[in-house]
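Here are some notes for a colleague who is opening this structure for the first time. They are set out as numbered points, to be followed with the model on screen.

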Amino acid sequence: MATSLEINGRTVQVEAAPDTPLLWVLRDEAGLTGSKYGCGVGQCGACTVLADGAPVRSCSLPVSALAGVKITTIEGLGGTHPVQEAWVKLDVPQCGYCQSGQIMSAVALLAGNANPSDADIDAAMDGNICRCGAYQRIRAAIREAAAQSRA
Amino acid sequence: MNAHVDTDAARTGATRRELVVGTALVSGALLVGCSPADLLAAGAKTEVGAFGPFIRIAADGAVTVFNKHIEFGQGTHAGLAAIVAEELDADWSRVSVEQAPANAKLYANTLMGVQGTGGSTAIPNSWMQLRKAGAAARAMFTGAAAAAWKVPEAEITVKDGVVSHAASGKSAGFGELLQGASTITPPAEPKLKSHADFTLIGTDRVRRKDSRAKSTGEARYTQDVKMEGLLTAVVAHAPRFGAKVSGFDDAEARKVSGVVDVIQIPTGVAVVARSTWAALQGRNALKVTWDESKAEPLGSAEIEAKYAGWAAGKGALPEKLKWETFETRGDASGGEGEVFEATYDFPFLAHATMEPMNCVAQVGGKGGVKLTVASQSPTLDQMNTARIAMTLPGSVQIENLFAGGSFGRRANFQSDFVAECVHIAKKVGKGTPVKLVWTREDDMAAGYFRPLTHHRLRVRLDKDGFPAAWTHRVVTQSLMKGSPMAPKGIDSSTVEGAMGSPYFKATPAVDGQVLMPELGVPVLWWRSVGATHTAFVMEHTIDQLARKAGKDPVAYRLALFEKAGASRHIAVLKLAAEKSGWDKPAPAGVTRGVAVHESFGSVVAQVAEVRIVDGVPKVGRVVSAIDCGTAISPDQIAAQVEGGTCYGLSATLHDEMIIKAGAVERRNFDAYPVLRNSEAPTVETYILPSTNPPSGVGEPGTPVIGPAVANAVLAATGKATFRLPMIRA
């Protein structure tokens, strides 16, 4: 059935059953493959997108729940968002597969907290697994992006 | 970040030594069962330009380096390109990297004989090959300039992609000289730079080339492949290792909108659909019955108990299974003195890459057989694909993509997930692209685990508290048995790290034996392979012996390393001890643990600072020192030590695969906890200056953190750790 979604500032018509998780609609229907499949049960964070600015796990969110909700994916950040710039500056990614999700969680954190403490970062980022273990650089890049945004 | 090249000249005395490759992943011997001509002939069609198979230079002077290895996070794409750029004197900002196609003739790993990545060899095997390629291309430009400008070639210099002749004031970019250079015959043995002349290698300018693509969602992984007419397949797999399909009812599955076919393949029943969600829904509706008569009957608990019994000499060994010696010296039995005894147990471990295994295959079309996949061993994948698709291995094209992690998982002798995809694509036929998607549960349940392993030790001590006789038993599955490259003697990957240990060298009598039982649980190399357990056993035992002897753990190790002549171990241990402030008191509530281990030709020492919080270790600062020979990219070496430490710490604290009656119990991250951000330490990495050839970096950072943390816990609580993980879910 046709569903209307607002993704990255555009209204997108997709053909999907109502119980289809947003992740598969983004990837298979909308052609936005930046958000990744990692676990399908909201445990790893690789599929994280923003729903009205809040971080959500798109693998566990049926499209039927998203009428009128503004979805932002990694592609919607524009490529030069301060968080993305910090990621590039510190060479955060290794395999890179989890990084779209990490970045979306970091963007949501900084949007609500311009100067997060280490505990704030831990709390915001613990839902995002990185098996390459880039955690230390993720934390440093969040602090870097926060500093750049305040400057 | 946090990469420091230690400039203290006094420490550069580490002895030069031959590169030791811990586990050769595959070797030329693998070509048995496939004639070299079949493998190479068709693949030789790869177009090679004037500058050889690794370098392309565009009309505007931009340089492209072809990466024969997979890029799965380890950053070799940049390291390899930097080696070329250094000898070519290219403008690093105008160097980009492309994945090389599958072609064993052009792109074999020089330490393996076939194309593949493993054993932390990507940089070491390419070092001389790419230096020569870069230097030869440079000579072609200087030759072309000398001819064009009619000046002596010896007076020509090259810097940042600009060729100059100072006396005449002439200069030109690579682009301007391209045509002339292309006609010059490259020298067979071009002159290479000396280390002192390096301007790029070893500097912080060598940074990743893929960070932006990986920070914008643009980087292309197998999961992201889009093609005209692409179908997605998921497979209903056996519930237990060794079970087979006995029948299935696909009536309901075929009713799911978007499902186009249901196909039986050797590993299960595949549902093929127009989208991932439709395929998953189709699989949910599928009814499969399984023949479990040949399924693995044991679970991990029974296996662990069996291994412990065998190591203790209890219970009869199965027929044909016997202890094999991996290290022996003197008579380790009898004798007088205090005796230390311990057993250590390590569970099965999943690699748990962030991107579950997947593959895109096309079979039966006009374009021949093609894989679009993150291929860790293109040659193995070509051979296994060819057997199924009934073609010659060399004709199988592979477009190699970024991998969302591997840690060893993507290279196995069966090409398990690739082969599964090829079976489906063959049935679908007509060259239709089929993307096989494994869910996390499929990935976790497929096995290929780090083998469950048991160690039993008896160490008799001399009057000074040093080992006088060391008896060591290891029980673990072989990684090589039954493979085309099964060794005639023992499988060294099961005991590497214990075998050849400097502690054994320093001990007058050693009796090391390994027992390698066969099980229905598929096992595989897991980042740092044998060292995942041997480093823990050796380093945690040594700390317990040091404490027994009333000696400082660093001083105790140094004494043994002196006896063994392990100069590189001494150098990194001293560096880590100094940088960590080992001789100064730790902050309140913190204890320190130290460990040193050599793997893949590199030696790493770490000092971990640990706080016990609610009964569990919380690791804060980790100071690392690494001797990895010539450092190409200090920042990426630091990244690998940081990441390797997290991977090892995850296994130390959490990772444990539970199997019950041959069925994998833990199939997703809710049941299989792994290290998360709040538990990750802050790692400082100090690189020992060296002009030795580069040795491994991707794996050696992994095995050291476990014993360092266990030793810190020992210091805090007096309790040793005899089983991993420390925190059992």
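1. The angle in question is about 130 degrees, found between helix α2 (residues 82-89) of chain A and helix α5 (residues 135-150) of chain A, whose axes lie 8 Å apart. The crossing of α2(A) and α5(A) is right-handed. Please keep in mind throughout that this is a predicted model.

2. Which residues bring α2(A) and α5(A) together? From α2(A) come P82(A), V83(A), A86(A), W87(A) and K89(A), and these meet A141(A), E144(A), A145(A), Q148(A) and S149(A) in α5(A). Sorted by class, the contact of α2(A) with α5(A) consists of 6 nonpolar, 2 polar and 2 charged residues.

3. Chain A as a whole is divided by its domain assignment into domain 1 (2-76) and domain 2 (77-150). The C-alpha centres of domain 1 of chain A and domain 2 of chain A are 20 Å apart, and 16 residues of domain 1 of chain A are in contact with 13 residues of domain 2 of chain A. On the side of domain 1 of chain A that touches domain 2 of chain A, β3 (48-51) and β4 (54-57) of chain A each supply at least two residues, and the largest share, 3 residues, comes from β3(A). By class, that side of domain 1 of chain A has 8 nonpolar, 7 polar and 1 charged residues.

4. The two chains also meet each other, with 46 residues of chain A in contact with 47 residues of chain B. On the side of chain A that touches chain B, at least two residues each are supplied by α1 (22-29), α2, α3 (99-112), α4 (118-125) and α5 of chain A. Which helix of chain A gives the largest share of that side? It is α5(A), with 6 residues. The residues of the side of chain A that touches chain B divide into 23 nonpolar, 14 polar and 9 charged.

5. For chain B, the domain assignment gives domain 1 (34-214), domain 2 (222-294 + 357-437) and domain 3 (301-348 + 448-717). Between domain 2 of chain B and domain 3 of chain B, the C-alpha centres lie 37 Å apart, while 10 residues of domain 2 of chain B are in contact with 13 residues of domain 3 of chain B. The side of domain 2 of chain B that touches domain 3 of chain B has, by class, 4 nonpolar, 3 polar and 3 charged residues.

6. Chain B also holds an open sheet of 5 strands, in the order β13-β21-β20-β19-β14, with mixed pairing. Its edge strands, each pairing on one side only, are β13 (324-329) and β14 (339-346) of chain B, and the twist from one strand to the next averages 10 degrees.

Key:
Residues numbered from 1 in each chain as written. Chains lettered and ligands numbered in written order. Predicted model: local features only at pLDDT ≥ 70, side-chain atom pairs only at ≥ 80, totals over all residues. Pairing = 2+ DSSP bridges. Helix = DSSP H or I, 4+ residues; strand = E, 2+ residues; numbered from the N terminus. Axes fitted to C-alpha atoms, helices over the stretch in contact; angles between N-to-C directions. Domains from an automatic or database assignment. Contact = placed C-beta atoms within 7 Å. Nonpolar A, V, L, I, M, F, W, Y, C, P; charged D, E, K, R; others polar. Left-handed = near helix turned anticlockwise from the far one by under 90°.
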